[in-house]
Amino acid sequence: MLEQPVIQQRGFRNVSQGGTITGFQVAIRLPYYRGVWLSQLRPATVTVDGVTYRDAAVTWSVAGKTYEQSTLGEHGDVHWNSLDPAVLTIRRPGGLTPGIHEVQVAYQWSASYMPPRMDLGFGGMARN
């Protein structure tokens, strides 16, 4: 179950590769009821204790797969459901020290509303 805040406390942790800490992760939720396609996302910035990480330092993990921020626009077929957290992984050698940190995440998305079809009558029946 997701926590109410966009930044989730669960999932905030250091990550390692081959026994070496290579960065940290923060899970976020989408406050938009419809969900979004990855191509609708704009790159995120993550600020921890006054240090901002962006661009290639941040990757997105959605539905079990990881995506570089520079490639989000190419993934119009991958949907981020509003009921599932996305995990942002931030490259930072050594990760973060244990303890309390001030974390801010900023990201945007474009909404995809389709205009109504004007050639359809009541109930979706085409007019003659």
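## Model and confidence

The model is predicted: local features need pLDDT of at least 70, side-chain atom pairs count only at pLDDT 80 or more, and totals for chains, interfaces and linings use all residues. Residues are numbered from 1 along each chain as its sequence is written, and side-chain values use heavy atoms, with hydrogens and water left out.

The pLDDT (the predictor's confidence in each residue, from 0 to 100) averages 88 for the protein. A score of at least 70 is reached by 87% of the residues. Residues 122–128 stay under 50. For that stretch the model has 7 contacts beyond four places in sequence. Contact means heavy atoms within 4.5 Å.

## The nonpolar core

A nonpolar core is a set of buried Ala, Val, Leu, Ile, Met, Phe, Trp, Tyr and Cys residues joined through side-chain atoms within 4.5 Å. Buried means under 20% relative accessible area, exposed over 50%, and partly exposed in between (1.4 Å probe, protein chains only). The largest core has 26 residues. Trp60, Trp80, Leu88 and Tyr107 have the most contacts inside it. Strands β2, β4 (41–48), β6, β9 and β10 (103–109) each supply at least two residues of this core. β4 gives the most, with 4 residues. Strands here are DSSP runs (E, at least two residues; helices are H or I, at least four), numbered from the N terminus.

In soluble globular proteins, nonpolar side chains tend to be buried together.

Leaving aside neighbours within four places in sequence, leucine 88 is in contact with Phe24, Gln25, Val26, Ile28, Ala44, Val46, Val58, Thr59, Trp60 and Val105.

## Aromatic pairs

Rings of Phe, Tyr and Trp (its six-membered ring) pair if their centres lie within 6.5 Å; planes under 30 degrees apart are stacked, over 60 edge-to-face, and the rest tilted. The structure holds 8 aromatic pairs. Two of them are tabulated here.

| Pair | Centre to centre | Angle between planes | Geometry |
|---|---|---|---|
| Phenylalanine 24 and tyrosine 53 | 5.7 Å | 80 degrees | edge-to-face |
| Tryptophan 60 and tryptophan 80 | 5.6 Å | 70 degrees | edge-to-face |

Phenylalanine 24 sits in strand β2 (residues 20–28) and tyrosine 53 in strand β5 (residues 51–53), so their pair ties together parts 29 residues apart in sequence. Phenylalanine 24 is buried at 1% relative accessibility, and tyrosine 53 is buried at 9%.

The tryptophan 60 and tryptophan 80 pair also links distant parts of the chain. Tryptophan 60 is in strand β6 (residues 58–62) and tryptophan 80 in strand β8 (residues 79–80), 20 residues apart. Tryptophan 60 is buried at 0% relative accessibility. Tryptophan 80 is buried, with a value of 0%. Ring pairs link Tyr32, Tyr33, Trp60, Trp80, Tyr107 and Trp109 into a cluster.

## Salt bridges

A salt bridge is a side-chain nitrogen of Lys or Arg within 4 Å of a carboxyl oxygen of Asp or Glu. The structure holds 2. Arginine 91 pairs with glutamate 68 at 2.9 Å, N to O. This pair links strand β9 (residues 86–91), which holds arginine 91, with strand β7 (residues 65–68), which holds glutamate 68; the two residues are 23 apart. Arginine 91 is partly exposed at 41% relative accessibility, and glutamate 68 is partly exposed at 33%.

Arginine 10 and glutamate 3 form a salt bridge at 3.0 Å, N to O. Glutamate 3 is buried, with a relative accessible area of 17%.

Threonine 89 is found in strand β9 and is buried at 16% relative accessibility. A polar contact of 3.0 Å joins its side chain to that of glutamine 25.

Serine 82 lies in the loop between β8 and β9 and is buried at 16%. The side chain of serine 82 reaches the backbone oxygen of tyrosine 33 at 3.3 Å.

## Positive phi

Most residues other than glycine have a negative phi. Aspartate 49, in the loop between β4 and β5, has a positive phi of about 50 degrees. Aspartate 49 is partly exposed at 43%. Aspartate 55, in the loop between β5 and β6, has a positive phi near 50 degrees. Aspartate 55 is partly exposed at 48%.

Notes:
A polar contact is a pair of N or O atoms within 3.5 Å; within protein, one must be able to donate a hydrogen and the other to accept it, and residues adjacent in sequence count only if both atoms are side-chain atoms.
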